[in-house]
Amino acid sequence: MQAESDAENATGGGAARANGTPVAPVAPATPVAPGPAKAGAGAEAAVKSRRFPSITRDTARPEGSGRAVPGAVSTPARQWPMLSVLTATAIGLLATAFGHPRVGCLAIGVALIAASVMRRVLPSVGMLAVRSRFTDMITYGLLGVAITLLALVMAAPKPWLVIPFMEDAVRFTVR
């Protein structure tokens, strides 16, 4: 059995490790001279595959890698959309920490809605662009609206917005 696998390895056909996983054949030591492809089996190998390679050599630039402001400006100024959203979110977290949860949640929700609007309106938003424009808009918008609605219907001490089915939904999910 070992002699057969050694013979296959020597001829280049179907090499395998001891655990049975296949091993890729080693390239020949002598370079192959480029030339016209021969008719037959060799012609199929010469045709370049349109399939995406399994091993990539480079990475694609993300959509948000462009700058919001020209390169002569400092980095914080180029990333103003992201910094404005983070600042509003930090203000909301501070308001929540200091005992004003409704105001804090409203600030965070409005910051996310503003992020959605900026992602739609501005041609380049720097690091605020994470996924495609459509996905970012939907994600930021839905999260912003959900957080804002939850802040408005928050029961402590009295809701600013009364939605009739919301109390039943909360009781059903918390039960």
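Student: Which side chain meets that of Asp136 in a salt bridge of 2.9 Å, N to O?

Tutor: This is a predicted model, in which local features need pLDDT of at least 70 and side-chain atom pairs count only at pLDDT 80 or more, while totals for chains, interfaces and linings use all residues. Residues are numbered from 1 along each chain as its sequence is written, and side-chain values use heavy atoms, with hydrogens and water left out. A salt bridge requires a side-chain nitrogen of Lys or Arg within 4 Å of a carboxyl oxygen of Asp or Glu. At 2.9 Å, N to O, the partner of Asp136 is Arg119.

Student: In which helices do Asp136 and Arg119 lie, and how many residues apart are they?

Tutor: Helices are DSSP runs of H or I with at least four residues, strands are runs of E with at least two, and both are numbered from the N terminus. Asp136 belongs to helix α6 (residues 133-152) and Arg119 to helix α5. The pair thus links distant parts of the chain, with a separation of 17 residues.

Student: Which residues make up the network of salt bridges?

Tutor: The structure holds two salt bridges. Besides the pair of Asp136 and Arg119, the side chains of Arg131 and Asp136 meet at 3.1 Å, N to O. The network consists of Arg119, Arg131 and Asp136.

Student: Is Asp136 buried or exposed, and what is its relative accessible area?

Tutor: Buried means under 20% relative accessible area, exposed means over 50%, and partly exposed lies in between, with a 1.4 Å probe and protein chains only. Arg119 is buried, whereas Arg131 is partly exposed because its relative accessible area is 35%. Asp136 counts as buried because its relative accessible area is 0%.

Student: What is the relative orientation of α5 and α6?

Tutor: Axes are lines fitted to C-alpha atoms, for helices over the stretch in contact, and angles run from 0 to 180 degrees between N-to-C directions. The axes of α5 and α6 come within 8 Å and cross at roughly 160 degrees. Angles under 35 degrees count as roughly parallel, over 145 as roughly antiparallel, 65 to 115 as roughly perpendicular and the rest as oblique. The two helices α5 and α6 are therefore roughly antiparallel.

Student: How do the residues of the contact of α5 with α6 divide by class?

Tutor: Contact means heavy atoms within 4.5 Å; the residues involved include Arg102, Arg119 and Arg120 of α5 together with Arg133 and Asp136 of α6. Ala, Val, Leu, Ile, Met, Phe, Trp, Tyr, Cys and Pro count as nonpolar, Asp, Glu, Lys and Arg as charged, and the others, Gly among them, as polar. The contact of α5 with α6 has 14 nonpolar, five polar and five charged residues.

Student: Why are α4 and α5 described as roughly antiparallel to each other?

Tutor: Helix α4 spans residues 80-97 and helix α5 residues 101-121, and their axes come within 6 Å. The description of α4 and α5 as roughly antiparallel therefore follows from their crossing angle. That angle is roughly 165 degrees.

Student: What is the handedness of the crossing in which α4 passes α5?

Tutor: A crossing is left-handed if the near helix is turned anticlockwise from the far one by less than a right angle, and right-handed if clockwise. The crossing of α5 and α6 is left-handed. The crossing of α4 with α5 is left-handed.
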